[in-house]
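Please give me a briefing on this structure for a reader who is new to it, with the main points grouped by topic.

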Amino acid sequence: MTEVSEKEFLNKLLEVVHKLSTIAKTQSYRFKKKWDEYLKPLNSKPHIVRQIPLDKEKFINDIDYRISVLKNVEQSVVDGFYSIKSLLQTLYNHYFDSDLFKKDFSEDDQTILKYLVAKQILGNLIQYNKIDHESVPLKYNIIARNYVLIKLKGQTTSEILDSLQKLNIKNVKSTGLNKIMKEIKEDGIIKIKKKGKSNFYELNTELELSKDGKEQYIQTLQALIDWPTLFVRSFYNIRELNVTPDKNVKHRDFLIKVLTKSAIQGYSATHFVFKNLIKYYEK
């Protein structure tokens, strides 16, 4: 890792904050625009990532201003989590029961979409899913997490229980899981066979929409469903801060411990870094 002086680090931090400020601005606008075009009748106030106003010169020269900007960044990091949560809750608590959904998609496509949306969002965002596994009903979450393995080689009850443990879902036992898997079978998504004494699950239907359903999905939902993955991969990526402060930097050991986390992409690491950079400058 590169060794940097205090001044070089501050300039690097400014670059990262400016990058996040730009992403927050463009992605918030995009999310709100697509939401208003389609989901507004079901929820007029989704959680939006706040803006990060930035005066570059003041950020470098005024430590109180720098701390206030970093606090704003930390809050924006949290906003991103709640934006994704508000999308999932609106979809699974309101949209999938709505006349709008039933008008736009056939019955077969309605069934597929509930699984497909979970797969596209939670399947891509494992770190997010470890923190939030209440917003999406468990049967859709199970397929989101295990779809590829069920498709490629099938899964046993114990293998699926292991995958849920890794998501911090620890209150599901094999009898409860078998009941949920039967519901998924009734939706036509999987087949259930026996492998020794255990159930063995194979894919019955690909998560693919009809031609009309796919066209409708692209026009109405796709931009919203793709948004969480695009946002997380850009906003929760601060690897530029993965540097080593040189020996003259104050509180060097503390800063090294904080900056090491920036090598990890994702919500938790990004939040940890900014929360502790605030503490660093408050020192």
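Lys-191 of strand E3 (190-195) has Glu-202 as its bridge partner in strand E4, where strands are DSSP runs of type E with at least two residues and helices are DSSP runs of type H or I with at least four, numbered from the N terminus. The model is a predicted one, in which local features need pLDDT of at least 70 and side-chain atom pairs count only at pLDDT 80 or more, while totals for chains, interfaces and linings use all residues. Residues are numbered from 1 along each chain as its sequence is written, and side-chain values use heavy atoms, with hydrogens and water left out.

**The sheet**

- E3 and E4 (residues 198-203) pair in the antiparallel sense over 6 bridges, two strands being counted as paired if DSSP finds at least two bridges between them.
- On E2, Gln-155 stands opposite Tyr-201 in E4, and Thr-156 has Phe-200 of E4 as its bridge partner; the pairing of E2 with E4 is antiparallel and extends over 2 bridges.
- Together, 3 strands form an open sheet in the order E2-E4-E3 with antiparallel pairing, and its edge strands are E2 (155-156) and E3 (190-195), each of which pairs on one side only.
- Strands of a sheet pair through backbone hydrogen bonds, either parallel or antiparallel.
- Helix H9 (residues 174-186) lies across E3 and E4 and runs at about 135° to E3; axes are lines fitted to C-alpha atoms, for helices over the stretch in contact, and angles run from 0 to 180 degrees between N-to-C directions.

**Helix H5 and its partners**

- Helix H5 (residues 107-121) and helix H11 (residues 222-235) pack with their axes 9 Å apart, at an angle of about 20°, and H5 and H11 are therefore roughly parallel to each other; angles under 35 degrees count as roughly parallel, over 145 as roughly antiparallel, 65 to 115 as roughly perpendicular and the rest as oblique.
- In this pair, Val-117, Gln-120 and Ile-121 of H5 meet Ile-225, Asp-226, Pro-228 and Thr-229 of H11, where contact means heavy atoms within 4.5 Å.
- The residues of the contact of H5 with H11 divide into 4 nonpolar, 2 polar and 1 charged, with Ala, Val, Leu, Ile, Met, Phe, Trp, Tyr, Cys and Pro counted as nonpolar, Asp, Glu, Lys and Arg as charged, and the others, Gly among them, as polar.
- The axes of H5 and helix H7 (residues 138-153) come within 8 Å and cross at roughly 55°, which makes H5 oblique to H7.
- This contact is made by Lys-114, Tyr-115, Ala-118 and Lys-119 of H5 and by Lys-139, Tyr-140, Ile-143, Ala-144 and Tyr-147 of H7, and its residues divide into 6 nonpolar, no polar and 3 charged.

**The chain as a whole**

- The secondary structure of the chain comes to 13 helices and 5 strands, and its C-alpha atoms fill a box of roughly 65 × 45 × 25 Å, taken along the principal axes.
- Of the 283 residues in the chain, 48% are buried, meaning under 20% relative accessible area, with exposed being over 50% and partly exposed in between (1.4 Å probe, protein chains only).
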